[in-house]
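Me: I'd like to learn how to read this one step by step. Can you walk me through it, starting with burial?

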Amino acid sequence: MKNFRIVAKDGKARVGLLTTSHGVIETPNFNPVGTQATVKALSPKDLNEIGVQMVLANTYHLMLRPGADLIEKFGGLHKFMNWDKPIMTDSGGFQVFSLGAALEHGGSKVLRKNTTPGVELKLHPRGVNSKPRLNKIIEEGVTFQSHIDGSKHILTPEKSIKIQQQLGADLIVAFDDHESAKHNYGEMQKSLELTERWGLRSLKEHKRTGVKLIHPPGGKLEQLMYGVVHGGTHKDLRVRSAKFTDEHFDAVAIGGIYGDKQTLCSIVEWVTSAVSEEKPRHLLGIGEVEDLFNGIERGVDFFDCVAPTRRARNGSLYICPKSGGKKSNSYTLNIRQSKFFSDKKPIDPRCNCYTCTNFSRSYLRHLYMADEILYHELSTYHNIFFIIDLVKRIRETIKDGEFKKFKRGYIDR
RNA sequence: CCGGAGGUGGCAGAGUAGUCAAUUGCACCAGACUGUAAAUCUGGCGGGUUUUCCCUACGAAGGUGCGAAUCCUUCCCUCCGGA
């Protein structure tokens, strides 16, 4: 891959540089999720201050509101949201899952508890009543009912790519299917084959329309498109999908991660072992503290995850091991707990972020309890800073050949 | 002082003889959260070491019922009119 260069390795972990029209990204890299063209509660100024290198936005959401045409008129997503660093857009494929099977059956992707690989997953409903799905999958693509107003829409590989071109993201994702999440091997295989056909159509559309980067004007670099590896928890399907993706695409994304942490590690290992060394790898939707270490250790370069932003809004704030973070608490404290009522310490005494150098747990708890807007800003700032800083430190340890030692000290104790 | 209305769990506010330890909301306590339908969701919320079990509870004290937060009597208190 001409735009991606690996500059250091430590075991399978690597440090790389990906060149895009909006700058060079040093990997491993974590992308905060900004579904609706905003990382919830943070401004681009905050993101720059924190050192965020790239954000991820979503095709499905932006297509419905405000519409890709509008954003194109503004000169693309970068200008529209005033973010001049790299942007990646997701294809909308994940919404095939989150507005489909997930709505019907509830549940989250990665389970804390162990499950038996290859066995059908029992998804746990999030709300009391499971709701009717808002989509229907056909060969052509997916027909959706908008979650906003119920209006009907169709998303196809061609349409997804077109929108992603209109948005002008630096990195884009082929349209993929997740329908198999709850099904058996046969269903999984069928779903994977659909993802492969949709992948080829995405690629064809991408090549057919050519690539015009809108911002900066006359940008020379093409949008880099990820193909998505699926196959559930089945090794042979994952390997097959990895090889297929590697054969056709310049970048490899790993999607459809469902199951426990052990399964997650296995899937990543199967995939990274089966694809070209020199292509960037993105683990879609994953990014808890433990997962970052495990993913990077197995050769993953890019992560994106809603966890830091969503957790922040819900009172869950990251802390490092020396401040009490551990696997069992997902390296977080819950600021809602009454024990923080008069706690003068910052969220994490070892953190150097703006929030931690200026505000107490007591104050943050107060803001949370009082539903104050500032709580969201300060808490999200901390969580994003924490993860960005952690990944930055991991990059340093890879360069120094100290990654394993750092990981051991951090999560394996 | 007279007339009227009313006193229910931290607050607001249902219930008006048995299925009421008491609907609901708020507050509070705790848990969850992984390509964001998430500033969301779930559970708890009188006490007793689990319980289809016991105790204490619907202003207070008596009373009528097999049975009372619910009916009666007296008392205390609050609010609204009128002197």
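Reply: A residue is called buried if 20 or more other C-beta atoms lie within 10 Å of its own, exposed if 12 or fewer do, and partly exposed in between, with C-beta atoms placed from the backbone. Take Tyr331: it is buried, because 25 other C-beta atoms lie within 10 Å. Before we go on, note that this is a predicted model, where local features need pLDDT of at least 70, side-chain atom pairs count only at pLDDT 80 or more, and totals for chains, interfaces and linings use all residues. Residues are numbered from 1 along each chain as its sequence is written, while chains are lettered from A and ligands numbered from 1 in the order in which they are written.

Me: Where is Tyr331 found, and what is its phi?

Reply: Helices (H or I, at least four residues) and strands (E, at least two) are DSSP runs, numbered from the N terminus. Tyr331 sits in the loop between strand S17 (316-318) and strand S18 (332-334). Its phi is near 60°, a positive value in a residue other than glycine. Ala41 is another non-glycine with positive phi, about 80°, and its place is the loop between S4 and H1. Ala41 counts as buried because it has 20 C-beta neighbours inside 10 Å.

Me: Which residues does a cis peptide bond join?

Reply: One such bond joins Thr27 and Pro28, with omega about -5°; Pro28 lies in the loop between strand S3 (23-27) and S4. Another joins Arg65 and Pro66, with omega about 10°, and Pro66 is in the loop between helix H2 (59-64) and helix H3 (68-73).

Me: How many helices and strands does chain A have, and what share of its residues is buried?

Reply: Chain A has 15 helices and 18 strands, and 51% of its 413 residues count as buried.

Me: Why does the span of helix H9 agree with what we expect?

Reply: The expected span of a helix is 1.5 Å times one less than its number of residues. H9 (residues 261-274) has 14 residues, so it should span 20 Å, and its end C-alpha atoms are 20 Å apart, which agrees. Buried residues in H9 include Leu264, Ile267, Val268, Trp270 and Val271.

Me: What does Ile254 touch?

Reply: Two residues are in contact if their C-beta atoms, placed from the backbone, lie within 7 Å. Not counting residues up to four places away in sequence, Ile254 touches Val229, Ile267, Val268, Val271, Arg281, Leu283 and Leu284.

Me: And which residues have the most contacts inside the largest nonpolar core?

Reply: A nonpolar core is a set of buried Ala, Val, Leu, Ile, Met, Phe, Trp, Tyr and Cys residues joined through C-beta atoms within 7 Å. The largest one here has 107 residues, and those with the most contacts inside it are Val55, Leu77, Tyr226, Ala253 and Ile254. Helix H14 (residues 373-399) gives the most to this core, eleven residues.

Me: How is chain A divided into domains?

Reply: Domain bounds come from an automatic or database domain assignment. That gives domain 1 (4-305) and domain 2 (312-408). In all, 26 residues of domain 1 are in contact with 23 residues of domain 2. On the side of domain 1 that touches domain 2, the largest share, six residues, comes from H10.
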